Amino acid sequence: MVDDEKVNQVVEQGNGYELPLLLFAGFRTLIDRLHAELAAQGHPDVRPAHGFAMQAIGAGGATASEVGRRLGVSKQAAGKTVDRLVTLGYAERADDPADARRKLVRLTPHGLDALARSAAIFDALRADWVRTLGAERVTGMEDALRAVVPADAFRLDAAGWLGGA
């Protein structure tokens, strides 16, 4: 049940719908804090979809079609996101040394810096949770999620699943 005075806030505990809302709110809190810190560290233009796309490009690069498959979006949608990353200086297009007919998308030093900073920020955010909840509770939460989340459930297509890459 949602209280009219507290729109979008769950007010009854123990209902099934509360779990996905709390998990999403935790995810959103981490992502919002990540992006605020990335902006402070010189990456004000990075959006969540960009992070998923940079992960899909990976260290070795990828074609726009591969990026689309990895994100679960069309080649056109992936191409639009890649275009934005190129414009922002996070990625570049280059000839594929293995096949001159293909274009690879590669992360630039700026893109690699954003990913490295993201990893460090996520470590700091986890440390904040440990300070608030205690190491045992955070580790227990992670272990519990590993126990209920299928091994193949970790995919980069969350940006597409949430409505845009």
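Which residues are buried in α2?

Author: This is a predicted model, and the answer below should be read with that in mind. In α2, the buried residues are A49, H50, F52, A53, M54, A56 and I57. The helix, which runs over residues 48-57, is therefore mostly covered, since seven of its ten residues are buried, where buried means under 20% relative accessible area. After α2 comes G58, whose phi is positive, near 75 degrees.

H43 counts as buried because its relative accessibility is 2%. Its side chain makes a polar contact with the side chain of Y90, at 3.0 Å. Leaving aside neighbours within four places in sequence, H43 is in contact with L38, Y90, H110, D113, A114 and R117.

Further back still is helix α1, residues 18-40, which holds both F24 and F27, three residues apart, or about one turn of the helix. An α-helix has 3.6 residues a turn, so residues three or four places apart point the same way. The structure holds one aromatic pair, and the rings of F24 and F27 form this pair, with their centres 6.2 Å apart and their planes at 35 degrees, so the pair is tilted. F24 is partly exposed, with a relative accessible area of 42%, and F27 is also partly exposed, at 34%.

Terms used: Residues numbered from 1 in each chain as written. Predicted model: local features only at pLDDT ≥ 70, side-chain atom pairs only at ≥ 80, totals over all residues. Heavy atoms only, no water. Buried < 20%, exposed > 50% of the residue type's maximum accessible area, 1.4 Å probe, protein only. Helix = DSSP H or I, 4+ residues; strand = E, 2+ residues; numbered from the N terminus. Phe/Tyr/Trp six-rings, centres within 6.5 Å; stacked < 30°, edge-to-face > 60°. Polar contact = N/O pair within 3.5 Å; in protein donor to acceptor, adjacent residues only side chain to side chain. Contact = heavy atoms within 4.5 Å.
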